[in-house]
Amino acid sequence: DNLYGANITIITGQPSLDSLFFDVYSPVGDTVSKRPVVLVLPTGTFLPRGLFAPTGAKDDYANVQIATRLAQRGYTAISMDYRLGWNPVAPDDVTRRATILQAAYRSIQDVYSMIRFLNMTVDDLGNPFQVDTDKLTIFGVGTGGFVGFNMAVLDEPETEIYIPKFVDPVYGIPFIDTTLLGDLK
């Protein structure tokens, strides 16, 4: 339950501040000062655990097992939460599509926030988690894999988030409004 950031969420239906947490898994008896780091992202369809599925948080059983096994193999594993929330029961496809894309975009922002946080701990706090930020990868379970994949392929967001399938077909407004949601990095 380490805090890595805070950002605006819409999970309650109204914009509100959401604290973002992570857990660190390190090899037992670790004496290495810098280890490769794996960010482990949970599944859960961008919805809170228990709403539609028994998953959706950094301490899900699968995340704990994966992070533990990565630590046993010499990695520093970080199981992290990211912001959730979209409207899967909206009566129209456009709203469902817009809100799931916005949820994915927010989760990518949160992973970048985690990476910035780790870099800050290395640069300013003496590397308390013993991570090598030059050797960082993402391991996603279910929806977390979707987040990691989209981080990898979204390399020109200034154009890629404005392709036709990401624009409201009625009003011509992009589903990802960076003036409202912010940029990725």
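**Entry 1: the cores.** I kept in mind that this is a predicted model. I started with the largest nonpolar core, which has 32 residues. Phe 22, Met 80, Met 114 and Leu 118 have the most contacts inside it. I then asked which elements give two or more residues to this core, and found β2 (16-25), β3 (35-41), β4 (76-80), α2 and α3 (143-153). The most comes from α2, with 12 residues. Another core, of nine residues, lies apart from it, and Val 38, Ile 66, Ala 71 and Ala 77 are among its members.

I also looked up the contacts of Met 80. Leaving out residues up to four places away in sequence, Met 80 touches, among others, Phe 21, Phe 22, Leu 39, Val 111 and Met 114. Its contacts also include Lys 58 and Asp 110.

**Entry 2: helix α1.** Helix α1 runs over residues 61-72 and reaches 17 Å from its first C-alpha to its last, close to the 16 Å expected. Which residues of α1 are buried? I found Asn 63, Ile 66, Ala 67, Leu 70 and Ala 71. They cover an arc of only 135° around the axis, so they sit on the same side of α1. On the other side, Tyr 61 and Gln 72 are exposed. The buried residues of α1 pack against β2, β3, β4 and β5 (131-140). After the helix comes Gly 74, with a positive phi near 100°.

**Entry 3: salt bridges.** My search of the whole structure gave seven salt bridges. Asp 30 pairs with Arg 35, with the closest N and O atoms 2.7 Å apart. Asp 30 counts as buried at 18% relative accessibility, and Arg 35 is buried at 14%.

Arg 49 forms a salt bridge with Asp 59 (2.9 Å, N to O) and one with Asp 60 (2.7 Å, N to O). Arg 49 is partly exposed at 40% relative accessibility, and Asp 59 is partly exposed at 39%. Asp 60, by contrast, is buried at 5%. I also noted a network of salt bridges linking Asp 1, Asp 23 and Lys 58.

**Entry 4: Arg 106.** Last, I went to Arg 106 in helix α2 (residues 93-124). Beyond four places in sequence, Arg 106 touches Ile 8, Ile 10, Arg 83, Leu 84, Gly 85 and Leu 181.

Notes. Residues numbered from 1 in each chain as written. Predicted model: local features only at pLDDT ≥ 70, side-chain atom pairs only at ≥ 80, totals over all residues. Heavy atoms only, no water. Helix = DSSP H or I, 4+ residues; strand = E, 2+ residues; numbered from the N terminus. Contact = heavy atoms within 4.5 Å. Core = buried A, V, L, I, M, F, W, Y, C linked by side-chain atoms within 4.5 Å. Buried < 20%, exposed > 50% of the residue type's maximum accessible area, 1.4 Å probe, protein only. Expected span 1.5 Å × (residues − 1). Arc of directions from axis to C-beta. Salt bridge = Lys/Arg side-chain N within 4 Å of Asp/Glu carboxyl O.
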